[in-house]
Structures are given as structure tokens and as C-alpha cells.
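Here is a short report on strand pairing, helix packing and disulfides. Please read it beside the model.

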Amino acid sequence: MGFRGLVVAAAVGAGIVVACSDDDGQAPVRYPEQGDGGPTGTSSSSSSSGGTSSGGPRPIAHDYCGVLLAYIDSILKCCTDAEKTEVGADGNLQFAKAIYQQYLCPTITSSVGSGRMRLDKAAEATCVGYLEDALAKASCPWTIDPGQATRAAAASDACKKLYVGTGAENAACKGDHECADGLTCVGWTPDSDGTCKQPPGLGEACGSGRSDGGAAKPSVELPFGVHAKCAPGGYCAPDRTCTAQFAQGEFCGGDSVCANGLKCYQEKCGGPGPSDTGGPCLSTDDCKDDLYCTSRDAGTCQPKKANGQPCEVNDACKSRCVVPDGGATGTCTAYCYE
């Protein structure tokens with residue numbers, strides 16, 4: 001499992017929209033790094049491990065943000081200075097850490113502190129327990145035991161249920177994560193509350209509101225719980241209005257815009273995808289796991305290449321494709337994590 005899979009399993013990272021300013025105007029909250037104590041000015045959601053009170057390393061906090069940041073730090077310790085700043089196939093590790101420290105974790109602290117979101121202790125035990133176990137077994141290069149796939153899937157599901165929104169219908173909210181499952185927060189901005197509502201119908205407002213003279217203002221939105229943006233048959237379009245989903249064969253840019261559960265395959269709703277080895281594709285998204293698309297123009301899905309094999313794009317490698325300056329062909333090269 002690569003770092004992208006690690007983040008999905010550990011942090012449910014997909015779907016986080018990052019704010020330009022701190023939620024509610026708060027100063028950033030410093031969450032613990034490996035060997036550090038709990039977050040400044042906050043209390044851990046559960047107990048911390050034992051450690052020395054003076055001198056020597058302090059324990060990590062046994063909570064979601066504490067162990068997650070220790071997890072990222074553990075990977076960073078395996079990386080060279082160049083790898084720490086390089087944007088590769090799976091993103092920038094330092095950037096990911098900053099997102100959690102400056103936005104995701106303070107948003108969790110704010111929502112829990114206000115009573116708009118609560119911690120599910122059972123889900124925490126599964127989610128955090130898996131991360132702590134993986135952290136204890138970590139070595140360089142950073143790897144995840146492939147035999148833990150079943151447990152990783154259970155941990156990923158638990159991490160999505162880790163925090164539960166408490167807002168009933170018509171309650172104030174600052175994001176879907178503050179609403180009870182089945183409801184969505186409509187009209188919120190980083191500076192003002194929205195309202196927990198049943199998923200809106202076609203033509204009705206959806207998602208976050210607008211500020212700064214009508215311009216969209218990026219915000220933090222945590223992907224916990226189940227919160228459809230629109231009623232069945234609609235999706236939340238960029239203009240913040242529920243719009244009819246597309247039918248079979250119509251152009252699409254993702255699964256959410258396709259009606260009746262259809263998948264977006266080769267940029268059209270529906271179809272037989274994802275493709276197996278040798279099947280057609282326009283992008284790697286059209287291929288099954290561990291395959292890549294050979295070309296944007298009538299490509300085929302092929303197995304990702306092992307380290308040492310020639311490559312032209314990152315998607316072609318199980319790791320990353322390193323192309324010399326001015327070159328057209330590179331070599332699949334391992335990261336500090338696998």
C-alpha cells in the first residue's frame with residue numbers, strides 16, 4: 001500500500017477542502033509529532049502513554065491526530081531531504097502534514113469542543129489501534145504488511161466513523177461533519193454558520209456558501225459520516241446548486257455526476273470499466289488497481305512496473321518515475337516508503 005492508501009486508511013484524507021484561514025479565526029493548534037506531547041492548549045481524546053516528566057522523549061497522544069502525525073513523522077524519518085520536499089505520484093509529505101496540523105486537527109478540536117461533533121470510542125479503538133500497531137512495526141523503507149489488508153480495510157471504515165455530527169435538522173453547522181448522518185450543511189462559510197438540512201432537491205442551494213463579495217472561499221470540510229449533498233438524482237454543481245445527474249453515455253468528470261450509481265468510465269457515464277489488463281482507457285482511473293493507462297489517446301491498461309524498469313510517467317510505476325533533466329524516459333525508483 002503506497003502513501004496515498006496510507007492516508008486514506010489513516011486519515012480519510014480524500015475530500016478535505018482546505019481553508020485559506022483558520023476555522024473560526026483561531027490560531028493554528030500545534031498537534032504532537034513523534035515523541036512529542038499532546039496538543040498545546042487542548043486535551044487528548046483519550047489517555048497518553050507513559051513517559052518521563054522531564055528529560056527524554058515525551059509520549060505521543062493516543063488520539064487520532066496525535067498518532068496520525070506521528071505516523072507521518074515516522075515516514076519522513078526514512079526520507080532524504082530531497083524526498084521530503086518533492087511532489088511525486090503520491091503528493092508532498094510535508095504539505096500533507098501541514099494540512100493536518102493547521103486545518104484538519106484544529107477543525108476537529110473546534111467542532112468537538114463546541115459539542116457539534118462527538119468522538120465514537122469504539123471506532124477510535126479500531127482506527128487508532130491499527131495506526132499505533134503499524135507505527136510500532138515501522139522500519140525504513142517505510143512499508144505496510146500486505147497481509148494486513150483486511151485489518152486495514154476495517155481501520156479505514158472505522159476512521160470514517162471516528163467522529164459523529166450531532167446537529168439535528170435546522171441546527172447550526174460549519175460543515176457536513178457537524179450534522180447527523182443523512183443531513184448536509186447548507187450555506188456555511190468559514191466566517192458564518194450554515195444549517196443542517198435534508199439533502200436539497202434539484203434547483204435548490206447546496207454545499208458551502210459564498211463570502212468576500214460573492215467569491216467562493218475555500219474551507220475545511222471533514223469527510224466523516226454519510227452526508228449526501230443533494231437528494232437522489234442530483235449533484236452539487238460548482239454554482240452551489242443541485243443539478244440533475246448525467247445519464248448513460250453522457251460526458252462526466254467523476255462518478256458523483258452520473259445518475260443511478262453509474263461509474264464515470266472513459267469520461268462517459270456507464271460502461272464496463274474499470275478495465276482489466278489490455279482493456280481500453282483514457283486515464284489510469286479507467287484501470288483496475290495496480291494497472292496504469294499507457295496513453296491519453298486510446299491507451300490500454302497494463303501492470304505497473306517494478307523498480308528499475310523504464311518509464312515515462314509516474315502512473316507507470318509501483319513507486320515513482322524519475323526522469324533525468326531533458327530526458328524523455330526515466331526509471332522506476334523507490335520512495336523512502338513503499
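Threonine 184 stands opposite lysine 197 in β5. The model is predicted: local features need pLDDT of at least 70, side-chain atom pairs count only at pLDDT 80 or more, and totals for chains, interfaces and linings use all residues. Residues are numbered from 1 along each chain as its sequence is written, and side-chain values use heavy atoms, with hydrogens and water left out.

**Strands**

Helices (H or I, at least four residues) and strands (E, at least two) are DSSP runs, numbered from the N terminus. Two strands pair if DSSP finds at least two bridges between them. The table lists pairs of strands.

| Strand | Partner | Sense | Bridges |
|---|---|---|---|
| β3 (residues 172-173) | β5 (residues 194-197) | antiparallel | two |
| β4 (residues 184-186) | β5 | antiparallel | three |
| β10 | β12 (residues 299-303) | antiparallel | two |

In the pairing of β3 with β5, alanine 172 has threonine 195 of β5 as its bridge partner. Proline 280 is bridged to threonine 300 in β12.

Strands β10, β12 and β11 form an open sheet of three, in the order β10-β12-β11, with antiparallel pairing. The edges are β10 (280-281) and β11 (291-293); each has a single partner strand, so one side of each is left without a neighbour in the sheet.

**Helix packing**

Two packed helices are described by the angle between their axes and the distance between the axes. Here axes are lines fitted to C-alpha atoms, for helices over the stretch in contact, and angles run from 0 to 180 degrees between N-to-C directions.

Helix α2 (residues 64-76) packs on helix α5 (residues 121-136) at about 25°, with the axes 10 Å apart. The two are therefore roughly parallel (angles under 35 degrees count as such). In the contact (heavy atoms within 4.5 Å), α2 contributes Tyr64, Val67, Ala70, Tyr71 and Ser74. From α5 come Cys127, Val128, Tyr130, Leu131, Glu132, Ala134 and Leu135. By class, this contact has 10 nonpolar, one polar and one charged residues. Ala, Val, Leu, Ile, Met, Phe, Trp, Tyr, Cys and Pro count as nonpolar, Asp, Glu, Lys and Arg as charged, and the others, Gly among them, as polar.

**Disulfides**

A disulfide is a pair of cysteine sulfur atoms within 2.5 Å. By this rule there are 13 disulfides. One of them joins cysteine 65 and cysteine 105, with sulfur atoms 2.2 Å apart. This pair links distant parts of the chain, 40 residues apart: cysteine 65 lies in helix α2 and cysteine 105 in helix α4 (residues 93-113). The torsion about the S-S bond of cysteine 65 and cysteine 105 is about -110°, so the disulfide is left-handed.

Technical notes:
Parallel < 35°, antiparallel > 145°, perpendicular 65-115°, else oblique.
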